[in-house]
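Let's take a friendly walk through a protein model together. Have a look at the sequence and the 3D view, and keep them open as you read.

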Amino acid sequence: MESLSPFALSPNRRLLMIASLQGILKSKCPGHITVEVNGIGYRVFIPLSTFYELADEGAEVALNIFTAVREDAIHLYGFRTPEEKQLFELLLSVNGIGPKLAINLLSGISSADFIRAVFTEDRHALTKIPGVGKKMAERMILELRDRVVKLAPQETREEARAESSLDAVREDALSALVNLGYKKSVAKMVLDRVLDGEVDGLALEEVLKRALKELS
C-alpha cells in the first residue's frame, strides 16, 4: 500500500496536520534539521534546547511537531518534549509573538526557567532573553502568568506564594512607616535590610518592630 504523506489532503480537502514525526536524522544545524520519513525529507525548525539533545546524523529521531500553515508555506516546528511544544503554543497566543520569535525565545532560556520567570513575575530574567525588552516581558507576564500555573512545578508555586506574601507585608510596612513620618526612601532602605534573605516571611508586626529599631 502506498504510504500517506503527512501533508496529504483528506476527502474534505482539509490539510492533515502533523502532531509528531519519527524518522532518520539526515542533517542538523542550530535552528533546523532534516528528518527523513519514508523517503521524504522534512525540514523542521527547532529551538537550541532540542538541538543540544539530538543524536548524531543517521540516528533515529522522534519529535513533537507543531504545524504552522500560511498561504505560501507550511512550516514544521519540532520539540523534544510535549511540555516544550505546549509552551511554544502558549507563546504564540501572546500578541506580537510569531513562530520564529517563539523559537528564539525558547532558545534563549530553558522551559523551566521561563515558566518560573513568568509565574514569579521575574522581569529581569525575561529581559535577559535576546529580543525581549521591558514591554515584551510585561506582556508575557500579563498574558501568560495565569496560564503557566499548570506547567509550573509545585516548588515554584510555593515560592511565588511566599514572595507574594512577603511583598504584601513590605508594602504594608512601608505605608505604616511613611504614615509615622519617615521619608519613603529611608523607610524602603531600612525594610530592604530587615527583609534581606527572608524566604519564609515575617508577620507585619515583627517587620515594623525591626524597622523601628533600625530607625531609632
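This is a predicted model: local features need pLDDT of at least 70, side-chain atom pairs count only at pLDDT 80 or more; totals for chains, interfaces and linings use all residues.

Let's start with the whole chain. The protein chain has nine helices and five strands. Of the 216 residues in the chain, 34% are buried. The accessible surface comes to about 13,000 Å², and carbon and sulfur atoms account for 50% of it. Now think about contacts between residues at least 6 apart in sequence: 51% of these join residues at least 24 apart.

Next, find strand β2, residues 32-37, and strand β3, residues 40-45. These two run antiparallel and are joined by six bridges. Ile 33 stands opposite Val 44 in β3. Together, β2 and β3 form a hairpin with two residues between the strands. In the turn you will find Asn 38, which has a positive phi of about 55°.

Strand β3 has another partner, strand β5 (residues 74-79), and this pairing is parallel, over two bridges. Here Phe 45 has Tyr 77 of β5 as its bridge partner.

Stay in β5 for a moment and look for Gly 78. Is Gly 78 buried or exposed? Gly 78 counts as buried because its relative accessibility is 0%, and buried means under 20%. Leaving out residues up to four places away in sequence, Gly 78 touches several others, including Val 44, Phe 45 and Leu 63. Gly 78 and Ile 33 are 45 residues apart in sequence, while their C-alpha atoms are 9.1 Å apart in space.

Phe 45 and Tyr 77, the bridge partners, are both among its lining residues, along with others including Gly 31, His 75 and Lys 100. Which helix supplies the largest share of the lining? That is α3, with four residues. Both β5 and α3 (99-108) supply at least two residues each. Sorted by class, the lining has six nonpolar, four polar and one charged residues.

Notes: Residues are numbered from 1 along each chain as its sequence is written. Side-chain values use heavy atoms; hydrogens and water are left out. Two strands pair if DSSP finds at least two bridges between them. Buried means under 20% relative accessible area, exposed over 50%, partly exposed in between (1.4 Å probe, protein chains only). Contact means heavy atoms within 4.5 Å. Accessible areas come from the Shrake-Rupley method with a 1.4 Å probe; for residues, only the protein chains shown count as cover. On a 1 Å grid over the protein atoms alone, a cavity is a set of points where a 1.4 Å probe fits but cannot get out, and a pocket is an open set with protein on both sides within 12 Å along at least five of seven lines; lining residues have an atom within 4 Å of a point. Ala, Val, Leu, Ile, Met, Phe, Trp, Tyr, Cys and Pro count as nonpolar, Asp, Glu, Lys and Arg as charged, and the others, Gly among them, as polar.
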